Amino acid sequence: MEVSICKSFILPLLTIVLFISLPQTATAANEAYTNFIKTKCNVTTYISLCQKTLIPYASSVKTNSTKLCKAALDVTIKGAKNASTTVSTLKKQKGITRIEASIIKDCIEDVKDAVYELKQAVDAMGHLGDKDKEFQLANAKTYASSVITDADSCTDGFSGRKVNPTVKKMINSSMANITKLASNALALINHLF
């Protein structure tokens with residue numbers, strides 16, 4: 001009889017203790033993952049942007065630097081797709097001059113190239129376990145760097161041309177965002193090993 005009373009008392013008590021300790025363990029783990037990302041972001045040029053965009057990935061990245069680099073590239077892809085939408089929307093506005101339309105068309109192509117190159121960088125990161133690890137890492141760096149060149153190409157289209165300041169500002173802002181995100185991803189890749 002004492003054994004059954006003991007069992008009926010201990011089992012619920014252990015269950016309560018387990019449920020109390022699990023959230024604390026999960027919270028500690030999430031805090032460790034967040035701190036990992038914050039520390040890694042310190043090597044980037046745009047630290048606060050890095051933290052803001054990558055901390056939401058903490059539970060999937062955990063403390064894996066390669067996963068963090070892939071997440072940074074994924075964030076940059078999303079940023080490039082958003083920029084593409086913004087630039088495409090400008091193309092459809094009334095009152096766009098022929099010069100502006102030409103610049104916007106070229107810019108859309110630059111952003112498409114950037115998205116392609118980012119996807120190639122993600123693919124290269126997925127092959128870091130292969131025999132040609134250094135080659136794949138170099139590819140990832142090259143592709144991520146090319147994204148910055150693409151964004152610069154887009155904004156260079158304005159050089160020496162008279163364009164609507166609002167159009168120029170929107171495109172410059174979109175390209176600056178891509179550049180910052182790609183720069184952060186590249187910095188993380190450069191400090192991977």
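Modeller: Contact here means heavy atoms within 4.5 Å. With that in mind, and remembering that this is a predicted model, I104, C107, V111 and M125 in α5 meet V167, I171, M175, I178 and I189 in α7. By class, this contact of α5 with α7 has nine nonpolar residues, no polar and no charged ones. The axes of α5 (residues 98–125) and α7 (residues 165–190) come within 12 Å and cross at roughly 15°, which makes α5 roughly parallel to α7, since angles under 35 degrees count as roughly parallel. The crossing in which α5 passes α7 is left-handed.

One of the α5 residues in this contact, C107, is also joined by a disulfide to C154, with an S to S distance of 1.7 Å. The pair links distant parts of the chain, C107 lying in helix α5 and C154 in helix α6 (residues 133–156), 47 residues apart. With -85° about the S-S bond, the link of C107 and C154 is left-handed. C107 counts as buried because its relative accessibility is 0%, and C154, at 2% relative accessibility, counts as buried too.

The count of disulfides comes to two, and C41 is joined to C50 by a disulfide with an S to S distance of 2.0 Å. The torsion about the S-S bond of C41 and C50 is about -70°, so that disulfide is left-handed, and both C41 and C50 are buried. The sulfur of C69, by contrast, is 9.7 Å from the closest cysteine sulfur, in C50, which is too far for a bond, although C69 is buried, with a relative accessible area of 1%.

How values were computed
Residues numbered from 1 in each chain as written. Predicted model: local features only at pLDDT ≥ 70, side-chain atom pairs only at ≥ 80, totals over all residues. Heavy atoms only, no water. Axes fitted to C-alpha atoms, helices over the stretch in contact; angles between N-to-C directions. Helix = DSSP H or I, 4+ residues; strand = E, 2+ residues; numbered from the N terminus. Parallel < 35°, antiparallel > 145°, perpendicular 65-115°, else oblique. Left-handed = near helix turned anticlockwise from the far one by under 90°. Nonpolar A, V, L, I, M, F, W, Y, C, P; charged D, E, K, R; others polar. Disulfide = S-S within 2.5 Å. Buried < 20%, exposed > 50% of the residue type's maximum accessible area, 1.4 Å probe, protein only.
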